[in-house]
Amino acid sequence: MRDRIFKLLLVTGFLFCLHITDIMAAYANEEPLVNVSWQWSKAVIQNDPNLPDLDGGSENSSRKLQQPVDLRILQQRYPDIFFLQGPTDQKRVALTFDDGPDPRFTNGVLDVLKQYNVPATFFVLGSRAVANPDIVKRMQNEGHVIGNHTYSHPNLVQESDLKTLERQVTRTEIALNDIIGYRTKLFRPPYGFLYNELVEKLREMNYYVIAWSVDSLDWQEDPPAVIASNVVDNIHSGAIILLHDGAEASGDRTNTIEALRQIIPTLQEQGYEFVTVPELLNIPFMK
Ligand code: ZN
């Protein structure tokens, strides 16, 4: 009898172990985990006034953390304001760049876009826009669209505070309006970290949330050919492509610039047309 109970316990324990990762994944995807304990390291504060750093740490350190809610789930919950990609019936794609304006790399990105006469969408940080208004003006003058990527790049889930979101977004909206003369309707969350209440707050603030369907993983700083193939190998009609023109103080986006010289002509040869995010999604981008 005791033997049988022991065996039963053994089997139950084994089955539980088999499914523990599924159970954890389902839990992580269902509800906002605002109380998870993050393995966290803050970026080193540095002193360049033109390069305010990312409050939530580098893409490299943060993207390894568990995504609080899968972006595909948020897209299904909020299909009218949350976008991963555009319509798939036309060979159109959108390049998007986060974390600038960065005086070290953004002009290099703009030079390549200009060379190929390709428009893009830049999700800028308010703090960096205020420090580098001329680069933001250059984006606008050269036909690119500008979106809001918060003021200082906090981890909005770690902060777990609607007031933080509101403050960060509004401060950026006002700062950008002073430079470009309009209030943008486009928002991209730092690290792609969001949960229901934050999306609902953004809706209330009259924003569209722009995620992505193709991740270049350029923040890993692999060689340009690797970054390019991350994009080209996964491309599809309607793709929103995630790249970075800005980096943390110790980061480098030189390889992103070089990768663009491969990505743009390759996709053009395949018949893809580059458009801005609001063109791709057919949505307004000014409030
Ligand atoms: Zn970012």
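Predicted model: local features only at pLDDT ≥ 70, side-chain atom pairs only at ≥ 80, totals over all residues.
Visitor: Which residues of helix 6 are buried?
Guide: A residue counts as buried if 20 or more other C-beta atoms lie within 10 Å of its own. In helix 6, which covers residues 133-141, Ile135, Val136 and Met139 are buried. Seen down the helix axis, these buried residues fall within an arc of 100°, so they line one face of helix 6.

Visitor: What does the face of helix 6 turned away from the buried side carry?
Guide: That face carries Asp134 and Asn141, which are exposed. Just after helix 6 comes glycine 143, with a positive phi of about 90°.

Visitor: How does helix 4 read: which of its residues are buried?
Guide: The buried residues in helix 4 are Thr106, Val109, Leu110 and Leu113. Around the axis they cover an arc of only 95°, which puts them on the same side of helix 4. Asp111 and Gln115 are exposed on the other side. The buried residues of helix 4 pack against strand 2, helix 6 and helix 11.

Visitor: What follows helix 4?
Guide: Asparagine 117 follows helix 4, and its phi is positive, near 55°.

Visitor: What is the general rule for phi and for peptide bonds?
Guide: Most residues other than glycine have a negative phi, and most peptide bonds are trans. Asparagine 206 is not a glycine, yet its phi is positive, about 70°. Asparagine 282, also a residue other than glycine, has a positive phi near 55°.

Visitor: Where do asparagine 206 and asparagine 282 lie?
Guide: Asparagine 206 lies in the loop between helix 9 (196-204) and strand 6 (208-210). Asparagine 282 is in the segment after helix 12 (277-281).

Visitor: Is asparagine 206 buried or exposed, and is asparagine 282 buried or exposed?
Guide: A residue with 12 or fewer such C-beta neighbours is exposed. Asparagine 206 has 12 C-beta neighbours inside 10 Å, so it counts as exposed. Asparagine 282 is exposed too, with 8 other C-beta atoms within 10 Å.

Visitor: Which residues does a cis peptide bond join?
Guide: The cis bond joins glycine 100 and proline 101, with omega about -5°. Proline 101 is found in the loop between strand 2 (92-98) and helix 4.

Visitor: Now a pair of helices. At what angle do helix 10 and helix 11 pack?
Guide: Helix 10 (residues 224-232) and helix 11 (residues 254-269) pack at an angle of about 40°, and their axes are 8 Å apart. That angle makes helix 10 oblique to helix 11. The crossing of the two helices is right-handed. From helix 10, the contact is made by Pro224, Ala225, Ile227, Ala228, Val231 and Val232; from helix 11, by Asn255, Thr256, Glu258, Ala259, Gln262, Ile263, Thr266 and Leu267. Sorted by kind, the residues of this contact are nine nonpolar, four polar and one charged.

Visitor: How far apart are the axes of helix 8 and helix 9?
Guide: Their axes are 10 Å apart, and helix 8 and helix 9 pack at an angle of about 40°. Helix 8 and helix 9 are therefore oblique to each other. Helix 8 passes helix 9 in a right-handed crossing. Leu162, Leu165 and Glu166 of helix 8 meet Glu197, Leu198 and Lys201 of helix 9. The residues of that contact divide into three nonpolar, no polar and three charged.

Visitor: What does leucine 156 touch, leaving out residues up to four places away in sequence?
Guide: Leucine 156 touches Thr164, Leu165, Pro189, Pro190, Phe193, Leu194 and Leu198. As for tyrosine 195, it is 39 residues from leucine 156 in sequence and 9.1 Å away in space, C-alpha to C-alpha.

Visitor: How many helices and strands are in the protein chain?
Guide: The protein chain has twelve helices and nine strands. Of its 287 residues, 44% are buried. Among contacts between residues at least 6 apart in sequence, 80% join residues at least 24 apart.

Methods:
Residues numbered from 1 in each chain as written. Helix = DSSP H or I, 4+ residues; strand = E, 2+ residues; numbered from the N terminus. Arc of directions from axis to C-beta. Axes fitted to C-alpha atoms, helices over the stretch in contact; angles between N-to-C directions. Parallel < 35°, antiparallel > 145°, perpendicular 65-115°, else oblique. Left-handed = near helix turned anticlockwise from the far one by under 90°. Contact = placed C-beta atoms within 7 Å. Nonpolar A, V, L, I, M, F, W, Y, C, P; charged D, E, K, R; others polar.
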